[in-house]
Amino acid sequence: MNGTKTYNRKKIVTVFFCISFAMLFLAGRLVYLMVFQSEFYSAKAQDLHERERDIKAARGKILDINGNVLASNRSVCTISVIHSQVKDEEKVIKVLAKELGMEEQTVRKRVEKVSSIERIKSNVSKEIGDKIRDYKLAGVKVDEDYKRYYLYDDLASKVLGFTGGDNQGIIGLEVIYDDKMMGKNGKILTLTDAKGVELADAGESRSNPVDGNNLRISLDVNIQMYAQQAAEKAMQAKEADSVSVLIMKPSNGEIMAMVNLPEFNLNDPYELPEGTSYANAQEKQNLLNQMWRNGCINDTYEPGSTFKVVTASAALEAGVVSLSDNFFCPGYKIVEDRRIRCARTSGHGAQSFVQGLENSCNPVFIELGMRLGTDQYYKYFKQFGLLKKTGIDLPGEAKTIMHQKEKIGQVELATISFGQSFQVTPVQLATTISSLINGGKRVTPHFGVQVEDQEGNAVEVFDYEPQEQILSEETSKTMRALLEKVVSEGGGSKAYIEGYEIGGKTATSQTLPRSAHRYISSFMCFAPAQDPQILCLVIINNPTGVYYGGTIAAPVAKELLLNILPYLGIEKDPAVAAKEKAEKQAQSQEQQN
């Protein structure tokens, strides 16, 4: 009996201690949670009862070299619905369908969806957003947003590019410098009860957005307009498939204009040209991709005779030709089993190296290629930077399509020498020739100049210092003088402007297959010849009728220079300017009499 009592007493004591220990543990745990972890769990509780909405940051602007705004933002609104707060679903559905121009069934599906917040429509004009806000509909949120706006519609469309619905860059400079122009969104935090209904007396907390920085580029809106107008005129006159114009500073690679006709409307980038038909969504996307394609960067072509500048530079630098060397052109040259003809099938006869360049004589340049030989020619091809991309700050740059060195036979060497059987991008050709005439320094073509804050202060300045010396200054000077003669005395005469020294080179190449008889007419020029401030490349794809570069592309370049040189403050020779002034005064006097 006593043993049983003792056992029960021990059992009671054990239970008591267990209960006491448990209570002490729970009390300690409660103190730990309420005192030491109070901030953590308060935050957790607040998170459960907070609803978060973005305050969109404005994307930075794109400015031309003179500060003119090319891309900016317009205020728009995003309309959303918080299901738990809607008091009159039918009224909300009817109002939103009416004001947003949406199908009632579509709006109903989104309003009735049980979610913390449901977007009805974005990129709504501010006027409509304000109108919806005035209805004061419970559960309907109207948040400010931004939509990209391009002030010149289609000007430099394939250079600037555009943004998507989330204001992120899609193509062009918008995507390359996306991280520079993208701002940081702010937040609106509102407290709700357990049912998700906002607490009227709890207020809201807000973190303000940080707008993106502006991007200043080397493009000059006035020069771009000159170039686009001249290109449109040429495209219409020659009923060409496309026209490209590239204008850059040979000294540092800054691109002042880049035209790729046909351009597209940046404010409506998904709208195909009128009359375009397609079978399905994928076909439409393929057509859009083609419409957005930047021919100066993304496409390659056979440069034809403009490439003779490269061959001549390499031959002079290697010492395999001198200005006094003489050649004979019977209208063709036999290379192995091929008869490669000259543009003048009757031949140029006896001529000097200088005259051969002025006449753009294929046999002369075939001979230069042979003198250089495959190894040496390929060495200069690489040295001049033609085997690597230019590094331009635009997406999708294509690489030169060139024969492998071991597969270059005599025929391939001959055709390469006058710009056929391989392909380069227009920007690669313009960059290489710029580097050959600027004193021999390889440059990097680019648009980006600097990143600026909203007050115009430079945040980041881009560095594009000239790279390695690819040609001696002496040879570069000689090439400038030779190319000036091409315009003043040779095949580029239709680009001649009295009072200006202009260097240049014509080209006419054929696309594949040759049997299609489709041609590319082009002209490259620079001015002033002895101190190049501007280089211009004009390319006309598949013109109708006359297709020679010296006949149809050179006049386009001349028209451009007549506008651009005075605009840049590059004056004519003083004697010529004085003569023209006197003639104008005489004409004015005659009209008055």
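Residues are numbered from 1 along each chain as its sequence is written, and side-chain values use heavy atoms, without hydrogens and water. Local features in this predicted model need pLDDT of at least 70 and side-chain atom pairs pLDDT 80 or more, while totals for chains, interfaces and linings use all residues.

Student: How do α9 and α19 run relative to each other, parallel or antiparallel?

Tutor: Helices here are DSSP runs of H or I, at least four residues, and strands are runs of E, at least two, numbered from the N terminus. Helix α9 (residues 221–238) packs on helix α19 (residues 554–567) at about 160°, with axes 10 Å apart. Axes are fitted to C-alpha atoms over the stretch in contact, and angles run from 0 to 180 degrees between N-to-C directions. Angles over 145 degrees count as roughly antiparallel, so α9 and α19 are roughly antiparallel.

Student: Which residues of α16 meet α12?

Tutor: The axes of α12 (residues 308–318) and α16 (residues 426–437) come within 10 Å and cross at roughly 35°. By class, their contact has four nonpolar, two polar and no charged residues. Val309, Val310 and Ser313 of α12 contribute, and from α16 come Thr432, Ile433 and Leu436.

Student: How many residues apart in sequence are the parts tied together by Glu99 and Lys131?

Tutor: A salt bridge is a side-chain nitrogen of Lys or Arg within 4 Å of a carboxyl oxygen of Asp or Glu. Glu99 and Lys131 form one, with the closest N and O atoms 3.6 Å apart. Glu99 lies in α3 (residues 89–100) and Lys131 in α5 (residues 126–134), so the pair ties together parts separated in sequence by 32 residues.

Student: Is Glu99 buried or exposed?

Tutor: Buried means under 20% relative accessible area, exposed over 50%, partly exposed in between (1.4 Å probe, protein chains only). Lys131, at 45%, counts as partly exposed. Glu99 has 11% relative accessibility, so Glu99 counts as buried.

Student: Which residues are linked in a network with Arg108?

Tutor: Side chains of opposite charge can pair when their charged atoms come close. Arg108 and Glu112 meet in a salt bridge at 3.3 Å, N to O. Arg108 is buried at 18%, and Glu112 is partly exposed at 35%. The network links Arg108 with Glu90, Lys94, Glu104 and Glu112.

Student: Where is Glu498, the partner of Lys579?

Tutor: The closest N and O atoms of Lys579 and Glu498 are 4.0 Å apart in a salt bridge. Lys579 is in α20 (residues 574–592), 81 residues away from Glu498. Glu498 sits in the loop between α17 (473–488) and β17 (503–510).

Student: What separates the C-alpha atoms of Phe462 and Val451?

Tutor: Phe462 is in the loop between β16 (458–461) and α17, and is buried at 17%. Beyond neighbours within four places in sequence, Phe462 contacts Tyr177, Lys180, Leu215, Gly448, Val449, Gln450 and Val451. Phe462 and Val451 are 11 residues apart along the chain, and their C-alpha atoms are separated by 8.2 Å.

Note on methods
Angles under 35 degrees count as roughly parallel, over 145 as roughly antiparallel, 65 to 115 as roughly perpendicular and the rest as oblique. Contact means heavy atoms within 4.5 Å. Ala, Val, Leu, Ile, Met, Phe, Trp, Tyr, Cys and Pro count as nonpolar, Asp, Glu, Lys and Arg as charged, and the others, Gly among them, as polar.
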